[in-house]
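Dear colleague,

Please find below the structure that I am handing over to you. My notes on what was found in it follow directly after.

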Amino acid sequence: MIRLLRYSLVLVLISLASCQEVLEPKPVDLLVDDLVLNEPNDVQPVRIGLYSAFRGMASANIIAGDFTADYIQANGTFNDYIQLGTKQITASNGAVDALWAGIYNTIYVANFIIERLPLVSGVPEATKKSVLAEARFLRGWANFIGAYTFGDIPKVTSTDQGPTPQLPELPKRIFWLQCWPITRRL
Amino acid sequence: MRKFYSVIIWSVLLTILPGYLLAQGVRITGRVISVQDGQPLPGVNIQVKGTTNGVSSDANGNYSITVPGSTAVLLMTSIGLVSQEITVGNRTVINIQMQESINELTQVVVTGYSTLQRKDISSSIASISPEKFKDIPVASFDQALQGQAAGVQVSQSSGTPGGGLMVRIRGNTSISASNRPLFIVDGVPVENGALTGRDFGGQTDNALALFNPNDIESIDVLKDASAKAIYGSRAANGVVLITTKRGKANQKTKFTADVQQGLIDIVRRPDLLNASELLDLQREAVTNAGQDPDKLGLIKGVTDKQNTDWIDAILRKGVYKQYQLSTQGGNDRTQFYLSGSYRNEEGVQLNSQFIRYTGQFKFDHKVNSKLSFGMNLTLSRVKNKRVKGDNFLDGVYSGALKSLPYYSPYNEQGKLYGPSDTEYPGFPNFNPVGQAVLPRFETYTFKMLAGLYVDYEILQNLRFRSKISIDYNNITEDQFEPSTTAIGGFLPSVGYHGYGVYSNTNVSKLINTNTLNYNFQFAEKHHFNTTAGFEVLQQYERDGSVQGRLFPSDDFTYIRSAGVVDQGDSYRNNSGLVSTFGEVRYDYDQKYLATLTTRYDGSSRFGQNRRFGVFPSASVAWRISAEPFMEQFRFLNDLKLRTSYGFTGNEQIGDYQFLGTWSSATYSGSTGVSPSALANPNLQWERTREANIGLDASFYNGRLNVTVDAYDNLTNKLLFAQPIPQTTGFSTVQGNIGSVSNRGLELTISTVNINKAVRWSTDLNLSHNENKVVSLATDQPVFRGYTGNGVTRTNVILPGQPLGTFWGLKFLGVDPATGDAIYDDKNGDGRITSDDGQVIGNAQPKLYGGLTNKVSWKGFDVSVFFQFSYGNSILNFSNASDLLNTGADLQSNQSRLALKRWRKEGDITNVPRYVYQNTYNNYLSSRFLEDGSFLRLKNVSIGYNLPKKWIERFKITNTRIYASATNLLTWTRYSGPDPEVSTLDGSTAAQGIDFFTLPQVKTVFVGLSIGF
């Protein structure tokens, strides 16, 4: 009887230990936030991701950004374009939504790099400087596009998902100033 | 120290095991015979009531059992016989006569991790015996559930052999997560749904078609919380328990052989126009638009010289064959069951076929009175030859519906037209006959379901059982589309020289279940049955695929010969579940019953903060008929009132949804990572609160059985992509918000109307379910389904409406003066725009069920089974997009309904006038939403059992010759060929859309069944 209790206790402990492996499998095509930027080899992929995110708003930038011009006329049947052409833009316009999302997606990746890159050890100083500068530049440029398209927009400087950013909106000229030093160096 | 322990343990045992310490034991022997014919009854279970001490009668009906004393009660049970309880008294020899039972109360019901008799359950469970579907040639057992149980709605998605279907138990609970019930075969939660990777539109395959329905002993559907909650986070959508056949003790080894052969044809053909009629219509459309039809190539006498009936060209009568051989037997200690089967079902479309081989072996062995073990093994291999369908532009049936009759499939030499021929019409008329016979879409599926269990009686009435099982599936898809087909020869991106795809998927589930079961009783009248368990489940998935193109010629069909191999994929996925559960069942004198269950589940799919969930349930039942004041009602055998309340969950929310993740992204030839999802450590299961009240009644010795259930379920914490401000960098985060409710009534009536020389029995089940979306994350409507002409989408999810609600403009009729459609201007702005879209109907039936009548006389038996659905709408999307398009384009054939179009002033009709390139008359509106109610003569079968004296000399025990027909007649108001199709197989929000979906098939076959 006692042996039975002992054996069952051992069995239970073994099964509980295997719990971890069963309940926390690792995905193979996704990388969690903590592992994305934690060693020098991760810097380049995230940098490419930043440019990819920036490019992601390119088509929306042209459509929502430029199609409101007077010399453009919408002839087809797509609602989004007709709204831009007639300058009767509604809140459900897909192209405008895509531009807004693209801007903040780029800002998110840039903030991610700015927050985490300094914490990664083993990255050569020159690489660190250059990637951080690229992140700040692209973030500024995204904000620039947002500012001249939408007017005053919320400024997001961290990846923190905490309170909904009812951040105070800063006037447009601040973004001009942020981009200026970088462009001067080029 | 040791002595101290043993004292403690023995005193604990003493206090919980009264009355079994001084068992001296009296030996009782006897013989069990049948009342009907005096023959001995082998395999009858004789058990000392309240204990696990039991034996079974041998081949001659003799038994021998040791009982504690003269007050012991012997309980005699066997499936199909009336159970008896006999007090031993002073006798040592007790001979028993047992009667064949015609009531269902003694039926053994499998529930969760134990089995009970139907009269002792306090929850809502529906049992379906294989007798009900043995004559229906179902490919998979979920098909067999259709119309057989109240609360279970089964709808076939198309007429594809071995194809997918929708099974819903008590309504849809989820919007984004899966609504499939949990199917458990011999204790293993098996794969269900489609297994293959490549998209075939609505004509998916079905993982459950890998099982041979003939190997099934019983199907039990667990419907309310008290029955299901022991499955915890997987139970919200209902649980279907399948038990396969096993050997029987003390029986001569029995062999059964079964042969079936028949023909398959489509239920009804669609009604389309011929070339001349279509030409006249198209010319009218062009003329109404103010253009010259001759200039557009619509010349009378020339264009309609060729008249092809495409539907006829691609359909055929399929041949159906099924052969089975099984054997079962055993003695007191060892029992076995072995079976094999072969099924070959030709689809009604050319080149479509389903071939299946299965084998099943089950083995049980009793080592001694304490230890027994056993194993089960199911092997199945399917070769599925598929054809493209419904929403594919280059599909076979869809192409045949749309293709203009002006074109012929064959040229003068009898060869099929391909994209390289000048006579090939091209987009969107791809030669459907070529699309059927030229490509190779072969899917090979292999399944192995194996299990091994050990059962050990630690102490009297304390049983430990451990089982380890695996459900292993391997799916290989071998596909090639030559240059004579649309993809292989017409698409520029593929290269005009063939297209091959090869993929391989392995999905397997490993499960280990350990249970401890303890029965005891207090003071004779209080009976307890307790179970505690621990389960670990792991799912492994590994797949890969490769695509190749630019083949040297159509003689090379494998990717080894492809010139360019530039797309491929490989992937691995794991998930797991760890749980503990417990159940306590109590009854006082079998009059007052109560059950408590609970399960504690931890899943790899839930967020870190919600890893584990608790799912409790409770039920009580009162056997009113056992009360003294009910004794005067002699005709009432059993009347039980039961009620239950509990919580279940749905964990089919997808893997890794709670993690904040990055995935690969490319930029100018380099590959990097970009954010893919936001973390939500609070992501959890969807939770359903269920309340049920029911009544089971049995009258006139089981001649009339009635079961009524009423339920109210509320599902909340729905998996939902919650919209969040995009300044966060993401537009949505996977969260749990929203709720759906299901309320309904179920009625089941079984009667044996006449039970003399002629026996006539009736089974009726009716179900009514009200589904409603109670709340969503936002008050904005969520659109689903296809994009519609002139409106946002075909379906919408709105609070206050059920799932499966259709959206569109409201059609008010055709203006007799102009012939144009009149739509309801909902927002009153003077224009018809997508803002005038409104709710126009829904796909949920108000009532559904089935009615079976069986009559038998001497050796003959006849069975008639009707199945129906009332109050559901179906969207005839084939008509909306192409077949009734009021001239919007001239690229497709039209339905015969098009001839009813408006032609001159004063015409009253509901088909607007035909004008070339006019889309206004063709907006997605309630004009295309039809009543999908139907009554179907699902099965008629006639059989004859040859008299015993003819076959006895051949040592054959029974022979039955039978003929059966399925889906013979359908009564419906739907204008399409079949009201039961759904192009988005398995969809919840967009079910009931007919988008060129292959209708069901009717089968007629004859069969011979021999037992020896």
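In strand β16 (residues 239-244) of chain B, five of the six residues are buried, so this strand is largely enclosed by the rest of the structure. A residue is called buried if 20 or more other C-beta atoms lie within 10 Å of its own, exposed if 12 or fewer do, and partly exposed in between, with C-beta atoms placed from the backbone. Helices (H or I, at least four residues) and strands (E, at least two) are DSSP runs, numbered from the N terminus.

Two remarks on conventions are needed here. The model is predicted: local features need pLDDT of at least 70 and side-chain atom pairs count only at pLDDT 80 or more, while totals for chains, interfaces and linings use all residues. Residues are numbered from 1 along each chain as its sequence is written, and chains are lettered from A and ligands numbered from 1 in the order in which they are written.

**Around β16(B)**

Two strands are paired if DSSP finds at least two bridges between them. β16(B) pairs with β13(B) in the parallel sense over four bridges, and V239(B) of β16(B) stands opposite L182(B). Strand β15 (residues 216-222) of chain B runs antiparallel to β16(B) and is joined to it by six bridges; here L241(B) is the bridge partner of D220(B).

The loop between β13 (182-185) and β14 (188-189) of chain B holds D186(B). The phi of D186(B) is near 50°, a positive value in a residue other than glycine. D186(B) is also buried, with 21 other C-beta atoms within 10 Å. A second residue of this kind is N967(B), which is not a glycine but has a positive phi of about 55°. N967(B) belongs to strand β49 (residues 958-972) of chain B and counts as buried, with 26 C-beta neighbours inside 10 Å.

**Chain B as a whole**

Chain B contains 10 helices and 51 strands. Its radius of gyration, taken over C-alpha atoms, is 31 Å, close to the 31 Å that the globule rule gives for 1012 residues, so chain B is as compact as a globular protein of that length. The globule rule is 2.2 Å times the number of residues to the power 0.38. Along the principal axes, the C-alpha atoms of chain B fill a box of roughly 105 × 75 × 65 Å. Of its 1012 residues, 48% count as buried.

Two residues are in contact if their C-beta atoms, placed from the backbone, lie within 7 Å. Among contacts in chain B between residues at least 6 apart in sequence, 70% join residues at least 24 apart.

UniProt, in an unreviewed entry, lists residues 119-239 of chain B as "domain: TonB-dependent receptor plug". Over that range the chain is 7% helix and 23% strand, and the end C-alpha atoms are 20 Å apart. For residues 451-968 of chain B, UniProt lists "domain: TonB-dependent receptor-like beta-barrel", also from an unreviewed entry. Over residues 451-968 the chain is 3% helix and 60% strand, with end C-alpha atoms 40 Å apart. The UniProt positions are given in the numbering used here, the feature names are shortened, and annotations may be inferred rather than shown by experiment.

**The contact between the chains**

The contact takes 38 residues from chain A and 39 residues from chain B. On the side of chain A that touches chain B, the elements giving two or more residues are α1 (2-23), β1 (31-32), α2 (33-36), α3 (43-56) and α6 of chain A. The largest share of that side, nine residues, comes from α3(A).

β1(A) pairs in the antiparallel sense with strand β30 (residues 661-667) of chain B over two bridges, and L31(A) stands opposite W662(B) in β30(B).

**Helix α4(A)**

A60(A), N61(A) and A64(A) are buried in helix α4 (residues 58-66) of chain A. They cover an arc of only 105° around the axis (the arc of the directions from the helix axis to the C-beta atoms), which puts them on the same side of α4(A). On the other side of α4(A), A58(A), I62(A) and D66(A) are exposed. What covers the buried residues includes α5 (79-85), α6 (94-116) and α7 (125-150) of chain A.

With kind regards
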